[in-house]
Protein chains: 2
Amino acid sequence: MSELCSKEEALETIDHNWYPRPQTELVEVKSALGRVVARDYFSTNTLPVFRSAQMDGYAVRAADFVKGHPDTASFREGQDYARADMGDDFDDKFDAVILVEEVNFSQGIMGFSPGLVVKPGLNVRSAGSQLAEGELLVAKGRTLLPRDLGFLQMGGHDFVEVFCKPKVAFIPTGSELIAAGLKPQRGQNLESNSLMVSETLKALGAEVWCLPIVKDSPEVLEDALDRALAWADLIIINGGSSKGGDDHNARILKNKTKFLLQGVAAAPGKPLGLYLSGTVLLVNLPGPMIAAFYGLEWCLGAIVNKFFKRPTVPRATVKVTLTEALQGPKGLSFLFNLMVTRKNGQYLASPLDPRSARTYQGIAANALYMTKIEGENLEAGDEILAQIVRAEDFV
Amino acid sequence: MSELCSKEEALETIDHNWYPRPQTELVEVKSALGRVVARDYFSTNTLPVFRSAQMDGYAVRAADFVKGHPDTASFREGQDYARADMGDDFDDKFDAVILVEEVNFSQGIMGFSPGLVVKPGLNVRSAGSQLAEGELLVAKGRTLLPRDLGFLQMGGHDFVEVFCKPKVAFIPTGSELIAAGLKPQRGQNLESNSLMVSETLKALGAEVWCLPIVKDSPEVLEDALDRALAWADLIIINGGSSKGGDDHNARILKNKTKFLLQGVAAAPGKPLGLYLSGTVLLVNLPGPMIAAFYGLEWCLGAIVNKFFKRPTVPRATVKVTLTEALQGPKGLSFLFNLMVTRKNGQYLASPLDPRSARTYQGIAANALYMTKIEGENLEAGDEILAQIVRAEDFV
C-alpha cells in the first residue's frame, strides 16, 4: 500500500495545484447568514445619534439641584422635568436623568429619595456610546453569524459584499444506478449520494448542481464533464474510480484534465482520484455510500473551506471506552462508525466494521473514529477520542 | 437581587408550564435536512436486490474450477465468463467472481494467476448485504443529518414524517425604533434584533414571523399580540420589559396572559419576562442588542429545543487564560464577550465589560463567558473555560 498517499498529502496536493479565484457579490444582509465577508465593514451610523437616557427615569436640569433638592411645588411636566426611559431622547434643556425608583409623586408634587445627588450627565448615555461611525463591524474573511447580521444593520449596511459560493457539480455515474423514487429491480441500485453530498456542501456555503445519473457511456460522461467544466469550480464524479471494465471515468478524466493523484490511504474509499482543469478541481469520489461519506469528511469539506481560505473546523471529540477490539492496518486510515452509549457516567463505544459493505452500519452510529495511518491495535477497554456525529447523545 | 430567579429556574418554569403539542407533516426527504423525525423509519428495500459482484472482475462457474484451472481455449465471453464489476448483477449461470487482477488474456485466451482457487460465492455479495428490508433507517426524535437523508432514500422513502416547525412570532416594540434601511435621526434607534433572533431560531428548526415595529401604543401592541396568538407556539415581545413609562408591554401581557415570572439573574437582560396563554409561551425579551443576544443564548434556543423534546447542545469550550481581572457579582450571571488570541500555544482572553452599553464590544469577540451566579473574582492569569463563538479562530 506504499503507493497510496495519505489524506494530508492529498490535501497538500490540492493546496499546491488548485488556486480558485472567488468572485464577490453584493447580497442583502438579511440573506447573508453563513456567507464569507469579502472586505472589512465599518459603521456608518453613530448610536445613539444624540445623547439619550441610560435608564428609565425623569430628565431634569442639574442646575436646579446645585443647592440640594429644589422646591418642586411649581414644577411642571415638560417644563421642569420629562419622562425619559432607557434609550429615549429628551429635550435639550435637560441634562440629567433621575432613576424612576428615586422619584415619587405625592398629590402631583414630585419628590426625591433622600440623599439623591444630581449632576450634569447623570444616567445620560452619550452619543456614539453604543456604536460610533467608523468602528469595525465585521472583518474580511469572517463567516457571518446571526449577530454579525444585526451588527451590520446597526452600522447602516443593507447589503454586504461576500465571496460568491463555490460552484460544485455532482455527477453520479454507473449503469446500475436509478434515481430515488422508484423500486430498484435486480441489478439496480439507488443513487442517494447526490443528496448526502449536496446537503453537506450546501451547509458549508457551496452551490451544488446535481446532474442526472450518467450511465456507463464514455460519450455521455464526456458531455456531462463539458457541461460541468463550463460552470463549476469543483466537479465531483461519483463512482467509477476503481478498475472496473465499465469504469471509463478515470480514463476520460486523464485524457481531458491534468492528473494529480489516484489512491488515498483512507478506507472505505481508497480509489479517490484528483484532477485539475484550469482553475477547476475534479474529484473522482468512490461510489459506495460509506466511501462517499468518508470522502466528504476528510476531503470535500476541506475543499470548500479552502475555496473560502478558511480552516476546516474539526468535529468535536469525546473520550470513549472501546467495548471490543479495534484494528487499523498499517498504511491505511480506516473510518469506523461508532455506536456510543452512556453507562455509569462513562461513554462506551462499539465499533462497526468498516470492511463490511453494510451501509446500515453507519445509520445508528453517533460518532466516528479514523484509525492512524501507522496502524492501530486497540483492545476492549482502551480509551480513544471519538468524533461526535450526533451531538444530542453527548449532552 | 434575591428576588431574581436563576436561568436554570426560569427554564424549569418553562418545563413545568409549557406543553407544546407539535403536529407532524410529511415533507420530501430532499428538503428534510435538520428536521426532527416523528416516527421510526425502516427500509422497504433490500440492497443489493439480487446477489452482485463484490469486486471488479469476471463472473464464472465455480464448477469449472473443481479440478483446478479449466482449459479456457474454448471459453467464450457471455457463455463461460462475463465481465462483472463491483455492484454489478451477472447471469444466473455464474456463481463466482474472479478479481480482475487475477485474470490475464493472451491472444484472446483467458488465463489465471497461479494458485487461484474458485469456489461458489467467491467475491459475490449476497442480496441484502448492504441494506435489508425492515432494518431501522432513522429513529424517532433524530434531527436529520445529510447522511440520514441518503439512508432514507436508499431505504425507499421519498417523504418523511417530521414534527412541524415551532411557529415563532417576533414583535419588536419601541417608539424610538426604525426599521433597518434608513438613517436613524436624533431619538431614533435601528431595529436589528429581529434579524439576529430569527436567523438563530431558524437555524434551530423554527419558523419565524417578524412583525413590523410596534410603537409604544397599548392598542397596537394588543392587536399585534392577538395576531401572533392566533398563529404562534412562541411569541417574543422584544423591548419594554423594564419599568419605563412607555413600557405598556408588561402590563398588557399580565392582563392578557398568565404571568409566569419576570426578572432573571442573567445580565445584560435581567428584566426578561415569561407568560403563558394556553399552549403559547410568551417571552418579553429585553431590547438592547447584547441583552437580546444573551436571552437567545440561554433561553430562546432552549425553548425551541424543548419544543422538539431534544436537549440543548452547549457550545464547544476551550481553556483560556485571562489577560485581566474578571468580576462576576454575587447573584447574577454576567455575559462577558471575550476576545481570544493565541500566543505561544496558549489562548489569551480579554474580557469585554458587559456593563458597558457598547454593542461594538460584542463584534470582535470570538468567545463567551458567563459568570457563575455565586459570584466570581477572577484574576489576570486565571484559567477559565470559554464558550466558542467563532470556531475558525480555535483550529
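**A first look around**

Visitor: How many helices and strands does chain A have?
Guide: Chain A has 6 helices and 27 strands. Keep in mind that this is a predicted model.

Visitor: What does chain A span along its principal axes?
Guide: The C-alpha trace of chain A covers about 100 × 55 × 40 Å along them. Its radius of gyration is 32 Å, while a compact globule of 395 residues would come in near 21 Å.

Visitor: And how much of chain A counts as buried?
Guide: That's 46% of its 395 residues. On contacts, if you take those in chain A with a separation of 6 or more, 74% come from residues 24 or more positions apart.

Visitor: Which domains is chain A divided into?
Guide: Domain 1 takes 7–23 + 164–307, and domain 2 takes 27–46 + 131–163. Then there's domain 3 at 52–125 and domain 4 at 317–394. The centres of domain 2 and domain 4 of chain A, taken over C-alpha atoms, are 41 Å apart.

Visitor: OK, new topic. What rotation puts chain B on chain A?
Guide: A rotation of 180°, with 0.1 Å of shift along the axis, superposes chain B on chain A at an RMSD of 0.1 Å. The two copies are therefore related as by a two-fold rotation axis.

Visitor: Which C-alpha of chain B is nearest the axis?
Guide: That would be the one of B:Ala316, 3.7 Å from the axis. Both copies also use the same surface: 100% of the contact residues of chain B recur in chain A.

Visitor: How many residues are in contact between the chains?
Guide: 70 residues of chain B are in contact with 70 residues of chain A.

Visitor: Which element gives the most on the chain B side?
Guide: H2(B), with 7 residues. Other elements giving two or more residues there include strand S10 (136–138) and helix H6 (289–307) of chain B. By class, that side of chain B has 31 nonpolar, 20 polar and 19 charged residues.

Terms used: Residues numbered from 1 in each chain as written. Chains lettered and ligands numbered in written order. Predicted model: local features only at pLDDT ≥ 70, side-chain atom pairs only at ≥ 80, totals over all residues. Helix = DSSP H or I, 4+ residues; strand = E, 2+ residues; numbered from the N terminus. Rg over C-alpha atoms; globule rule 2.2 N^0.38 Å. Buried ≥ 20, exposed ≤ 12 C-beta atoms within 10 Å, placed from the backbone. Contact = placed C-beta atoms within 7 Å. Least-squares fit on C-alpha atoms with pLDDT ≥ 70 in both. Nonpolar A, V, L, I, M, F, W, Y, C, P; charged D, E, K, R; others polar. Domains from an automatic or database assignment.
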